[in-house]
Amino acid sequence: MTQNVYIRLASQRIDNTITVGSEAPRLYTPGEIVTCSTGYMRGHGTYMEESALTASVAGVAEQVNKLISVRPIKNRYTGEIGDVVVGRITEVQQKRWKVDTNSRLDSVLLLSSVNLPGGELRRRSAEDEQMMRKYLQEGDLISAEVQKVYVDGSLSLYTRSLKYGKLSQGVLVKVFPSLVKRRKTHFHNLPCGANVILGNNGFIWICPTINGGGEDGLGGFTQNLEEQAVPRSDREVIARLRNCILALSNCKMMLYDTSILYAYEESMKYEIAELLQPEPMLDICVLTQQRLFMMQEDE
């Protein structure tokens, strides 16, 4: 039995960031010389070969003073202290949970790093350890903050603030971590009628707008899975936001509240199911980039 196999070139497989009024960024491939000039320091993604600074990964060169590094286009999440992440519980262990945060190793959420239901602040007892699976079990989605980075690269998380904790009804979208723009806040209440958590690890959570912001003293373990279903209008907003995020991600555009909102507004002339087709996707991304470019010029 014969089967046709279609193999795309690397230039076709990776679509450069859409730019308006400027040139596309210079992409370096592994083994390509970045600079032969002396006096530069070697950063991440580079190595020295015969007095020439050479790229070790495929990506875009970044220079800070005399430090040159190459930021890879596609890579695993490397956490930093203070990052907001969205993760999934993979295992319940003694006094800790293992969490998948899209990094090389599973992250750790200690029992002492969570708020107990009711917001109680006290030492964790043996009874609390026995009830760990009642708080969080395998498959649960949580939002958390990176508290510590261990020597092996694994992360220690904590959810001691009421804005973090278990996530209830919504949609999880996975993108490249490098596409999520680092901002002062990653929790956004969009005017279109949905809440978005932009995890630095590339996991994005979209859910209906929650009145009160979860500050109800239940320690971040509230969930409305047993309540009435999400209204159809909210589900349509969430589905449209999801497709807009995937469209921006496919065009390698940075994801933050403004770009997502602009893409949502530009997508209103299309049906939700049409947004991931090539022509509407490209149209939305080009119009979004134009609006972002005009906004930057006004500033």
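## Helices α4 and α5

The crossing of α4 and α5 is right-handed, meaning that the near helix is turned clockwise from the far one by less than a right angle. The model is predicted: local features need pLDDT of at least 70, side-chain atom pairs count only at pLDDT 80 or more, and totals for chains, interfaces and linings use all residues. Residues are numbered from 1 along each chain as its sequence is written, and side-chain values use heavy atoms, without hydrogens and water.

**The crossing**
- The axes of α4 (residues 232–250) and α5 (residues 257–266) come within 9 Å and cross at roughly 110°.
- That angle makes α4 roughly perpendicular to α5 (65 to 115 degrees).
- On the α4 side, Val237, Arg240, Leu241, Cys244, Ile245 and Leu248 are in contact (heavy atoms within 4.5 Å) with Ser259, Ile260, Ala263 and Tyr264 of α5.
- By class, this contact has eight nonpolar residues, one polar and one charged.

**Helix α4**
- α4 has 19 residues and reaches 27 Å from its first C-alpha to its last.
- Its buried residues (under 20% relative accessible area) include Val237, Ile238, Asn243, Ala247 and Ser249.
- Among the elements covering the buried residues of α4 are β16 (194–198), β17 (203–208), α5 and α6 (278–298).
- Lys252 follows α4 and has a positive phi, near 60°.

**Glu266**
- Glu266 is found in helix α5.
- Glu266 is buried, with a relative accessible area of 17%.
- Leaving aside neighbours within four places in sequence, Glu266 contacts Ile284, Leu287, Thr288 and Arg291.

Terms used
Axes fitted to C-alpha atoms, helices over the stretch in contact; angles between N-to-C directions. Helix = DSSP H or I, 4+ residues; strand = E, 2+ residues; numbered from the N terminus. Parallel < 35°, antiparallel > 145°, perpendicular 65-115°, else oblique. Nonpolar A, V, L, I, M, F, W, Y, C, P; charged D, E, K, R; others polar. Buried < 20%, exposed > 50% of the residue type's maximum accessible area, 1.4 Å probe, protein only. Expected span 1.5 Å × (residues − 1).
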